[in-house]
Amino acid sequence: MSKILPVAEAVARIPDGAVVSVSSSSTLGCPDAVLAAIGERFDAEGHPRGITSLHPIAAGDVYGVKGMDHLAKDGLLTRVLAGSYPSGPSSVEMPEIWKMIVEDRVAAYNVPSGIMFDMHREAAAHRPGVLTKVGLDTFVDPVRQGCAMNDKGAAAPIVDRVGFGGETWLHFPNIVPNVAVIRATTADERGNLTYEHEGAYLGGLEQAICVRNNGGLVIAQVKRVTANGSLRPHDVRVPGHLVDCVVVDPDQKQTTETGYDPAISGQVMRPWDSFSHAEHGVEKVIARRAAQELRQGMTANLGFGISAMVPRILLEEGHPDAVTWAIEQGAVGGVPLTGFAFGCASNADAYVPSPQQFIYFQGAGFDMSFLSFLEVDVEGNVNVSKLGKKPYLTAGCGGFVDITARARNIVFSGWFEAGAKINLTEDGIDIAAPGRFTKMVDEVEHVTFSGRRAREQGQNVLYVTERCVIQLTGNGLLATEIMPGIDPQEHIVGASGGRVQVAENAKLMPKSLLADAPMGLTL
């Protein structure tokens with residue numbers, strides 16, 4: 001019997017009080033038609049009511065794909081746990097899910113993406129929840145916020161500190177989903193799913209297994225349907241016995257503002273010279289210095305922001321495949337993309353399911369991680385996950401906490417001051433006007449990365465800015481390299497209110513970092 005159903009019939013099976021797990025990463029892999037139908041059903045019938053939604057990575061964006069915003073209705077949604085949330089510039093309207101969070105109309109939590117996938121694995125195997133050290137001494141830890149994003153979340157804790165084997169751990173008791181909403185490219189009538197046009201596998205298989213093992217409902221959204229027997233078994237990523245019903249959306253986007261690009265799904269390989277280089281400017285200078293930490297043959301991870309420019313630096317310098325990049329959505333190798341296509345890669349060597357990629361990250365098998373920062377404090381703590389005044393300008397932690405928990409080498413990139421007017425000259429950095437405020441603060445608003453724990457574990461941590469390279473030491477933040485044109489006392493010590501000191505033997509950074517031409521990077 002065919003499992004292909006109209007979307008309204010599929011979502012009519014979702015009961016009140018359901019725990020709904022959604023596979024997505026912004027618009028990449030987003031089953032938006034199903035989420036829209038859930039919201040439409042609630043508007044028409046008042047059901048389903050009182051659901052909890054689980055999002056290992058955000059569903060939807062602020063650029064036209066609503067994703068989890070379809071669920072952001074009083075009465076429909078009562079609790080949401082997500083690795084990340086839709087985010088964007090202050091020029092766009094705040095997403096409905098963020099309005100619910102800041103107005104305390106839903107119990108909301110920001111849970112690291114890797115832990116979210118771990119929660120599905122443990123619930124699938126009927127084990128007693130996730131036991132992990134990921135997130136200790138960060139906002140994930142109940143000694144801080146315990147993942148809670150508002151008062152309703154804080155009133156219903158989801159994580160405990162426990163002792164086990166003589167050590168301190170974080171324990172996340174199971175939150176068991178009984179509905180999964182996943183997405184693929186093609187389904188046959190039995191519900192076997194292939195992903196040939198997708199830019200990542202994400203966690204659809206693991207989410208489907210978890211729900212099936214707990215007697216729930218699995219809904220798959222696809223672009224097209226084919227006859228039984230026409231799919232190669234090796235191509236099937238989610239077998240049909242895990243899928244209850246399939247809905248078809250021929251217009252589903254591959255990722256944000258991208259209908260379909262075969263290079264994103266690995267069906268064609270792009271010439272290296274088809275990739276654009278990073279635009280010349282201050283952020284490129286920062287990314288160039290970060291790239292100098294790389295060596296031939298390394299495997300490196302990177303996050304959103306300035307750090308996402310580092311692969312483009314290698315391209316411009318003639319080292320397109322010297323480093324293997326690994327990103328949390330699952331691509332390995334190739335060139336991670338920037339802008340709207342962040343989370344995708346072209347010319348990838350492989351696509352790994354996100355849950356397996358996070359096992360790799362949590363165990364720190366990679367050589368280097370390049371991440372960005374919003375603010376850094378005197379303890380070396382980093383905030384990327386919360387901006388109280390403009391909350392939806394950040395997506396939350398995503399995989400940041402999983403990646404940094406044990407990483408051996410971390411390079412954080414960002415501006416030393418917010419809003420400084422800076423000119424690049426042949427002689428160095430010219431600060432034409434100081435910034436509105438320093439990014440180097442006494443105490444960060446949200447501890448997404450713990451400097452104290454990094455020191456305890458012997459992690460090597462650098463903060464690369466347009467003025468200097470700062471090293472995390474046992475005595476705090478120490479500038480060890482100075483950009484040409486920068487006055488160390490005025491532009492570093494003074495501008496940071498004394499929070500960053502300058503090493504006596506601090507080196508002058510090469511002027512080649514500032515040039516329009518390639519800087520001559522060797523790996």
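A polar contact is a pair of N or O atoms within 3.5 Å; within protein, one must be able to donate a hydrogen and the other to accept it, and residues adjacent in sequence count only if both atoms are side-chain atoms. The model examined here is predicted, with local features requiring pLDDT of at least 70 and side-chain atom pairs pLDDT 80 or more, while totals for chains, interfaces and linings use all residues. Residues are numbered from 1 along each chain as its sequence is written, and side-chain values use heavy atoms, without hydrogens and water.

A polar atom of the Asn110 side chain lies 2.8 Å from the backbone oxygen of Gly83. Asn110 belongs to strand β4 (residues 107-110); helices (H or I, at least four residues) and strands (E, at least two) are DSSP runs numbered from the N terminus. Asn110 counts as buried because its relative accessibility is 3%, the limit for buried being under 20% relative accessible area (1.4 Å probe, protein chains only). Leaving aside residues up to four places away in sequence, Asn110 touches Ala82, Gly83, Ser84, Phe139, Cys147, Met149, Ser385, Gly396 and Cys397, where contact means heavy atoms within 4.5 Å.

Buried positions in α2 include Val34, Leu35, Ile38 and Phe42. Among the elements covering the buried residues of α2 are α1 (7-11), β1 (19-22) and β8 (179-183). Just after α2, Gly46 adopts a positive phi of about 80°.

Technical notes: Buried < 20%, exposed > 50% of the residue type's maximum accessible area, 1.4 Å probe, protein only.
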